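Here is a short report on the pockets of one protein and on one of its charged residues. Look over the structure, then read on.

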Amino acid sequence: MKKRVFIGSFVKIPGFSKEYPKIKKEFGGILAGRWIPERNFHITYRFLGDISIYEINNIKAILKDKLEGSISVSIKFKGLGAFPNLANPRVFFIQVEDTSGNLQEISRFINQKLALLGYPEEKKLFKPHITLKRIKQVDNEQFLRKIKSYENKLFGVQKEIKINIVESILRPEGAIYKPVE
């Protein structure tokens, strides 16, 4: 049996439940797509795709030290952004400022350990973010105007994270993310 998994950290942005409805309202008519529920907010270090329980157990073993307990960080959830860029947005997100550098170090550590198990090196640059919506259609002019008002908006901070191997269960109503036991 295989599971669709990634390695990530769930985040809880204090007070964001009051901001999120406002963002949804302001960008709702500008961006078509499905909003991500707050319970699914996370930072992805590495997407692995469909892998066997055997592979998951090997990953658990090699990442054991990082999967236990919490890790101190200094991250700010500040501003909104889009991938691949603002002129051609496909993913709408909250930017994550890693002032401690710990998220970058965690990403490097995970990739080095996965390489020992035969996983190819990640080619994309690690850019921590919290996805709010995968964009199907966009009104570019309105989007560029509206996103500027959120350029320096501080949504919250976080001082600790936990690293998880997360199963992504795809459903018609949206994905469900849960830590792999």
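Start with the lining of the largest pocket: 16 of its residues are nonpolar, 9 are polar and 11 are charged. Keep in mind that this is a predicted model.

The largest pocket has 36 lining residues. His42, Thr44, Thr131, Arg134 and Tyr177 lie nearest its centre. Several elements each give two or more residues to this lining: β1 (2-10), β2 (31-35), β3 (42-52), α4 (102-116), β6 (129-138) and β9 (176-179). Which element gives the most? Strand β3 does, with 6 residues.

The second largest pocket has its own set of residues nearest the centre: Ser107, Arg108, Asn111, Glu121 and Glu122. The table sets out both pockets.

| Pocket | Volume | Lining | Lining by class |
|---|---|---|---|
| Largest pocket | About 1,100 Å³ | 36 residues | 16 nonpolar, 9 polar, 11 charged |
| Second largest pocket | About 220 Å³ | 13 residues | 5 nonpolar, 4 polar, 4 charged |

Now turn to a single residue. Aspartate 98 belongs to strand β5 (residues 88-98). Is aspartate 98 buried or exposed? Aspartate 98 is buried, yet it has no salt bridge. Arginine 108 is the nearest side chain of opposite charge, and it is 7.7 Å away. A salt bridge needs the charged atoms within 4 Å.

What does the side chain of aspartate 98 reach at 3.0 Å? It reaches the backbone nitrogen of glycine 101. The backbone nitrogen of leucine 103 also lies 3.0 Å from a polar atom of the aspartate 98 side chain.

Technical notes:
Residues numbered from 1 in each chain as written. Predicted model: local features only at pLDDT ≥ 70, side-chain atom pairs only at ≥ 80, totals over all residues. Heavy atoms only, no water. 1 Å grid on protein atoms, 1.4 Å probe; cavity = no way out; pocket = protein on both sides within 12 Å on 5 of 7 lines; lining within 4 Å. Points joined across faces, edges and corners; volume = space filled by probe spheres on them. Helix = DSSP H or I, 4+ residues; strand = E, 2+ residues; numbered from the N terminus. Nonpolar A, V, L, I, M, F, W, Y, C, P; charged D, E, K, R; others polar. Buried < 20%, exposed > 50% of the residue type's maximum accessible area, 1.4 Å probe, protein only. Lys, Arg positive; Asp, Glu negative; His and termini not counted. Polar contact = N/O pair within 3.5 Å; in protein donor to acceptor, adjacent residues only side chain to side chain.
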